[in-house]
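Biologist: I would like to learn how to read the pockets of a protein model. Could you take me through them?

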Amino acid sequence: MRLPTVLLALTCLAGAASAEDLSGTLQKVKETRKITLGYQEASVPFSYLDGNQKPVGFAMDICLRIVDAVKKQLGMPDIAVDTLAVTSSNRIPLMVNGTLDLHCSATTNNADRQKQVSFTNTHFLSATRFAARKAAKINTIDDLKGKAVTAVAGSVNLTQLAKVNTERNLGINIMPAKDQAEAFLLLETDRAQAYALDDVQLAVAIARSKEPQLFMISEETFSKPEPYGIMLRREDAPFKALADRATAELYASPEIEVLYRKWLESPTPPNGLNYNVPMSPALRNAFKKPSSSADPDVYVVN
């Protein structure tokens, strides 16, 4: 007669043990019944606000697949998904202090950042190139000799521009801009003859300009393709393993092609702009062989 009671007690103990076994982000999510996704309001098309002020984008969709995996693993389909707008300067501190659980944007995965945070499998590869007016006939980095070139202050792009300028003795007049909008304005108004930035973001800036047909993006790069990754906390092996499994499964499925075309090769909200960025052979290979490495050489296609 007491068997059901005993079984119930054992079931409760097993559940308690299971909860105690959790750690890090998974434990936090189970206890709070919510997961917080960080996004950047203008990191088009990876994360940004649509016409309804809702965060959307390629990286946001990937993060939501990770959230689905969390719900499944915890057996909690009703976990709330909170979103929080962050900036380039506060995204890492907010991840480190536990405010964010995932950061869903175009964050470069590099060795310096891996000292503070971790990343799941690479979802994009981008190299620093420059944009210029087609009429200026500036086609190579050497053509920038003696020209005024802008890049965003504090960016990896500015560092790479300065390095090449020194190494090649080009005498470039480097013009730091406070943000991407100001940098493109310098190019549009001919105060700068070129603008150095991640190639995908240059494509977005040109598509959104008044006369996109006037501009080109260089073939030559200032860097090897660098990986973008969804950011998460360091030293949280169970959560990273879950995120890596979820993204690897997504990247091995036909759905990744659908998502990629949706955000990078199709009209996107809210203005129906198409950024016309085809999937590179290196990125296609990265999806076939998922990696969270920060080493650009890992993604080179031989």
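**Reading the pockets**

Modeller: The model here is predicted.

Biologist: What is the volume of the second largest pocket, and which residues lie nearest its centre?

Modeller: The volume is about 450 Å³. The lining has 26 residues, and those nearest the centre are Arg129, Asp199, Ile217, Val277 and Pro278. Elements that give two or more residues to this lining are strand 8 (124-126), helix 7, strand 13 (215-217) and helix 10 (281-288).

Biologist: How do the lining residues of the second largest pocket divide into nonpolar, polar and charged?

Modeller: There are 18 nonpolar residues, five polar and three charged.

Biologist: Now the largest pocket. What is its volume, and which residues are closest to its centre?

Modeller: The largest pocket has about 1,100 Å³. It is lined by 37 residues, with Ser88, Val152, Gln180, Leu197 and Gln201 closest to the centre. Two or more lining residues come from each of strand 2 (42-43), helix 5 (156-168), helix 6 (180-188), strand 12 (194-198) and helix 7 (199-207).

Biologist: Which element has the largest share of that lining, and how do its residues divide by type?

Modeller: Helix 6 has the largest share, with five residues. By type, the lining of the largest pocket holds 15 nonpolar, 12 polar and 10 charged residues.

Conventions: Residues are numbered from 1 along each chain as its sequence is written. This is a predicted model: local features need pLDDT of at least 70, side-chain atom pairs count only at pLDDT 80 or more; totals for chains, interfaces and linings use all residues. Side-chain values use heavy atoms; hydrogens and water are left out. On a 1 Å grid over the protein atoms alone, a cavity is a set of points where a 1.4 Å probe fits but cannot get out, and a pocket is an open set with protein on both sides within 12 Å along at least five of seven lines; lining residues have an atom within 4 Å of a point. Grid points are joined across faces, edges and corners, and a volume is the space filled by probe spheres set on the points. Helices (H or I, at least four residues) and strands (E, at least two) are DSSP runs, numbered from the N terminus. Ala, Val, Leu, Ile, Met, Phe, Trp, Tyr, Cys and Pro count as nonpolar, Asp, Glu, Lys and Arg as charged, and the others, Gly among them, as polar.
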